[in-house]
Each structure stands twice: as structure tokens, then as C-alpha cells.
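Open the model in your viewer and keep the selection tool ready. Each stop on this tour says what to select and what is there.

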Amino acid sequence: MNTVAKFFAAASLAGMVVAAPAMAQRDPAYEAARASGQVGEKMDGYLGIVSGGAGLQRIVSDINIKRRALYSQRAQAANPPVTLEEYALTAGCIAIARTTPGEKYQAPDGSWQTRTSAPPQRDSRCPALQAKIAQ
């Protein structure tokens, strides 16, 4: 199966992926860091630190460990199976699309951007289907 087809298979499953980690992330410290722009969604499907200290690093590491475990399970369960990296990238596309104005996200050039009312900048590898899944 070609990479594009695998990517769309991952996209169909990734719609479920963002909801599960999001529920685990409702820690008040995480919410405060997200609201203040200290953390943001990365293109690779993981949470990144924009600015912050060791305490924030522990929170982000814990969330990313949980995301990786979930991505791994879902990537293997995909039909056909996709790689962890393919699945995580698709989840990252969806997580970035779901950011709200004022939240941080990683742009395709690797810079941190603040979401406005306009759609976020998209990585060219994000599936076109992603916009529908994100809703």
C-alpha cells in the first residue's frame, strides 16, 4: 500500500486519538500552561514546550508518554497497519487544527505560532481529509 493510502488510513483512526489524550490532559497545571502559551501542539503529534521550567517538562513528558503509547496501539490496529510516525503526524495535524485562538502550535517551518481566528498553517503532509476529521 502506498504512503498516501496509509496516511488516509491513519487519518481515519487519528480522529479518535486526540480525544483520548485530551481527557487525560485536563490537569489544571497543563491547562494553565496551554492557556498562557507555555506549551503547544507540535507537527509530530506530541506536545512541545514553548517556554517553561522543569515542572512543566515533567507534565509535558508524562502527556507525551501517554500519547506515544496510544499512537502505537492505534497504529498497529489500523487496517492496514501504519507506522507510529505516520499515525503521530496525522494526530499532530488534527491536534493543530483543533487549537483555538490564543493557543500555540508549531508551524511547518518549525516556529511556534499563536493561533488566530484564521486556520493554522498546515504541513503539506497533512491529509486533505484532516479538515473533516477535525470537526
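## Start at the sheet

Select strand 1 (residues 39–41) and strand 2, which pair in the antiparallel sense over three bridges. The model you are looking at is predicted. Within this pairing, pick Val-39: Ile-49 in strand 2 stands opposite Val-39.

## The whole chain

Clear the selection and colour the chain by secondary structure. The protein chain has six helices and four strands. Along the sequence, these follow the pattern α-α-α-β-β-α-α-β-β-α.

Next, colour by burial. Of the 135 residues in the protein chain, 44% are buried. If you show the surface, the protein chain exposes about 6900 Å², and carbon and sulfur atoms supply 56% of that area. For contacts between residues at least 6 apart in sequence, 56% join residues at least 24 apart.

## The largest nonpolar core

In soluble globular proteins, nonpolar side chains tend to be buried together. To see a case here, select Tyr-46, Tyr-71, Ala-75, Ala-78, Val-82, Leu-84, Tyr-87, Ala-88 and Ala-91, the nine residues of the largest nonpolar core. Helix 4 (54–77) and helix 5 each supply at least two residues of this core. Which element gives the largest share? Helix 5 does, with four residues.

There is also a second, separate core of seven residues; among them are Tyr-30, Ala-33, Val-39 and Val-60.

Go to Ala-75, in helix 4. Is Ala-75 buried or exposed? Ala-75 has a relative accessible area of 2%, so it is buried. Leaving aside neighbours within four places in sequence, show what Ala-75 is in contact with: Pro-81, Val-82, Thr-83, Leu-84 and Tyr-87.

Move to Ala-88, which is found in helix 5. With a relative accessible area of 3%, Ala-88 is buried. Not counting residues up to four places away in sequence, Ala-88 touches Met-43, Asp-44, Gly-45, Tyr-46 and Tyr-71. Take Tyr-46 from that list: Ala-88 and Tyr-46 are 42 residues apart along the chain, and their C-alpha atoms are separated by 7.6 Å.

Then select Gly-92, also placed in helix 5. Gly-92 is buried, with a relative accessible area of 0%. With residues up to four places away in sequence left out, Gly-92 touches Lys-42, Met-43 and Gly-45. Between the C-alpha atoms of Gly-92 and Asp-123, which are 31 residues apart along the chain, the separation is 9.7 Å.

## A cis peptide bond

Select Pro-80, in the loop between helix 4 and helix 5. Zoom in on the peptide bond that joins Asn-79 and Pro-80: this bond is cis, with omega about 0 degrees.

## Last stop: the disulfide

A disulfide is a covalent bond between the sulfur atoms of two cysteines. How many disulfides are there in this model? The count comes to one. Select Cys-93 and Cys-126, which form a disulfide with their sulfur atoms 2.0 Å apart. Cys-93 lies in helix 5 (residues 84–97) and Cys-126 in the loop between strand 4 (112–114) and helix 6 (130–133), so the pair ties together parts that are 33 residues apart in sequence.

Why is this disulfide called left-handed? Look along the S-S bond of Cys-93 and Cys-126: the torsion about the bond is about -90 degrees, so the disulfide is left-handed. Both Cys-93 and Cys-126 are buried.

Definitions and conventions
Residues are numbered from 1 along each chain as its sequence is written. This is a predicted model: local features need pLDDT of at least 70, side-chain atom pairs count only at pLDDT 80 or more; totals for chains, interfaces and linings use all residues. Side-chain values use heavy atoms; hydrogens and water are left out. A disulfide is a pair of cysteine sulfur atoms within 2.5 Å. Buried means under 20% relative accessible area, exposed over 50%, partly exposed in between (1.4 Å probe, protein chains only). Contact means heavy atoms within 4.5 Å. Accessible areas come from the Shrake-Rupley method with a 1.4 Å probe; for residues, only the protein chains shown count as cover. A nonpolar core is a set of buried Ala, Val, Leu, Ile, Met, Phe, Trp, Tyr and Cys residues joined through side-chain atoms within 4.5 Å. Two strands pair if DSSP finds at least two bridges between them.
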